[in-house]
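Reader: I am new to this model and would like to learn how to read it. Could you take me through it step by step?

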Amino acid sequence: MSQKPPLVEMRHISKHFGGIQALTDAELELYPGEVLGVLGHNGAGKSTLIKILAGAEKANEGAIFIDGHEAHIDDPNDARGLGIETIYQELALCGNLNAPANLYMGRELSKWGFLRKRAMKEEAEKALSRLNIRIKSLDVEVEAMSGGQRQAISISRAVHFDTKILIMDEPTAALGMEESRMVMELTVELKKQGIGIIWISHDIHEVYNFTDRITILHGGTNVVTAPTKDFTQDEIVSMIISGRPIEHSNKANSD
Amino acid sequence: MEFAKIRSQPLVWILLVAVILAIVLSFLSPFFMTVGNMTNLSKQVSIVAILAAGQAVVIISGGIDLSVGSILALSAVVIGALIQVDVDPMLATLAGLMTGTIAGLVNGIVITRGNIPPFIATLGMLGIARGLALVITEGVSYQVLVPFFLFIGNSKFLGLPIPLYFVLLTFLIVAIMMHMTVFGRHVYAIGGDERVARLEGIPVDRQKIKIYMLSGFLAALAAVVMTGRLAATPPSVAQGIELQAIAAVIIGGVSFVGGRGLVVTALIGALIMAMITNGLNILGISSFYQQVLIGMVIIAAVWLDNLKTASR
């Protein structure tokens, strides 16, 4: 792998909630244009680690570097300012509004307080076509769209505002098979644009086929961080459950 | 295809109902479609219509404002008391409008900072503003016989009564705010899903405060028209009128859950209610039946709306 400098480095991250130690010395590295799968069963610390990066939680110890510079992320707006966007499992869209209104929600284009509706519609059209998303009419309320189309709008919103790092928290959990495929195709498109993507999922098959690297968490610490294809699916499952890394003798593909 | 699009417009339906009602009433009574009666009708509708414009904005944002009748009375009383001590009528009007806006501001702050549901917060203000109106006047009604208010109450411009201009201007401005500005977009977003609006960086609390200030301001504007019409400011005026304003909004087809509906339909809702009252008066039917009928119309309006939503 050609080693570009990492987009995100999270070093020695520790976090406790009262007496419960959620993370101990956890690490995460994300490179431009890759999909990093974060795995672990419930309570392994993966969502806490991600929330710290997204600004929804604060670490007790450790440092975060974005593009090599130390970053202080105190709230979601700090994260956004650094080009970190999060897509949540429960879609953050207003069903009663159309796609352009949702895309620009909270950052509407305006002049003297008046909406620049046409400009927003044109920009929305461009943003969606850039990701090869086809939506029949942009004037339709989002509520009338399929789950996949809505997730597509969330994604295009997340990447519209100069995003470098995209966190996707179970982005396909609420979707059907066809729609999941559409979201994954979109993600491939984003990858090509050099965005670093953190992909959290419980679906091992999906993670295995889709991510470039994985990191497995267990009990709040990293078990292993490696290219996904260094292991078989069964080996990954066993590491998630046992929390012990599997040693390999046959590392066939030298990177 | 085109027909389906037209059919799905809430404005078309409610306008149709209003037109049919007007036609039926004009057949039933030769007096309905007279200039005199129409003037009368537009005066009757003006107060509720102005309140309904504000109420529509509040309801679209997912809230409710029960205090508009009391704020109207308090604003009117402030105007009356100032006129009583020979303050310039324009200044008195300004003070009245300020009073209503501040009452709305208090509503907004209590709802957002105090985290108190709009129903409770404005129910409290309903008591507070009415009580203050009674305290200021000690229960007495002031006469307001200055030319400025007599003009508002009794004059016509281009053949139309002045209160009607207040109504049309109010709806024009509120409609522009709701459909063309960032503020209006935020109102719809907050009514659609407040959690999402917050997550996406909309200043929800600030916009809510503005919404209740607008409603308070329009209640005070209605007070100006009311003062003109009555040439007096009785502190007990407009009791229960908030329910008429809410009814006008609901009959107009604005969703009570928030996020959906057009402000203009509230004007037509107010017109339908006024036509029912006016028509039954002309036909000599007891006003007791009017209340029954309007009650049934409110339920029918929401029922029809449910049918429409279910068929989607």
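This is a predicted model: local features need pLDDT of at least 70, side-chain atom pairs count only at pLDDT 80 or more; totals for chains, interfaces and linings use all residues.

Reader: Where in chain A does A:N98 lie?

Author: A:N98 is in the loop that runs between β6 (84–87) and α3 (99–103) of chain A.

Reader: Which residues does A:N98 touch, leaving out those up to four places away in sequence?

Author: A:N98 touches A:L138, A:D139, A:V140, A:E141 and A:V142. Take A:V142 as an example: 44 residues separate it from A:N98 in sequence, yet the two C-alpha atoms are 5.2 Å apart in space.

Reader: Now the sheets, please. How do strands of a sheet pair?

Author: Strands pair through backbone hydrogen bonds, and they may run parallel or antiparallel. In chain A, an open sheet of four strands has the order β2-β1-β4-β5, with antiparallel pairing. Its edge strands are β2 (20–30) and β5 (69–71), each of which pairs on one side only. From one strand to the next, the twist averages 30°.

Reader: How many bridges join β1 to β4 in chain A?

Author: Five bridges join strand β1 (residues 8–17) to strand β4 (residues 61–66), and the two run antiparallel. To find one of the pairs, look at A:M10, whose bridge partner in β4(A) is A:I64. Helix α1 (residues 46–54) of chain A packs on this sheet, where it touches β1, β2 and β4; its direction makes about 115° with that of β1(A).

Reader: What is the order of the open sheet of six strands in chain A?

Author: That order is β6-β9-β10-β3-β11-β12, and the pairing is mixed. At the edges stand β6 and β12 (221–227) of chain A; each has a single partner strand, so one side of each is left without a neighbour in the sheet. On average, neighbouring strands here are turned by 20° against each other, direction ignored.

Reader: In which sense do β6(A) and β9 of chain A pair?

Author: They pair in the parallel sense, over four bridges, with β9 covering residues 165–169. Within this pairing, A:T86 stands opposite A:I167 in β9(A). Helix α5 (residues 147–160) of chain A lies across β6 and β9, running at about 170° to β6(A). Helix α8 (residues 233–242) of chain A also packs on the sheet: it touches β3 (35–39), β11 (213–218) and β12, at about 25° to the direction of β11(A).

Reader: How many salt bridges does the rule find across the interface of chain B and chain A?

Author: It finds four. In one salt bridge, the side chains of B:R260 and A:E143 meet at 3.1 Å, N to O.

Reader: Which helix gives the most to the side of chain B that touches chain A?

Author: That is α9(B), with six residues. By class, this side of chain B has nine nonpolar, six polar and six charged residues.

Technical notes: Residues are numbered from 1 along each chain as its sequence is written. Chains are lettered from A and ligands numbered from 1 in the order in which they are written. Side-chain values use heavy atoms; hydrogens and water are left out. Two strands pair if DSSP finds at least two bridges between them. Axes are lines fitted to C-alpha atoms, for helices over the stretch in contact, and angles run from 0 to 180 degrees between N-to-C directions. Contact means heavy atoms within 4.5 Å. Ala, Val, Leu, Ile, Met, Phe, Trp, Tyr, Cys and Pro count as nonpolar, Asp, Glu, Lys and Arg as charged, and the others, Gly among them, as polar.
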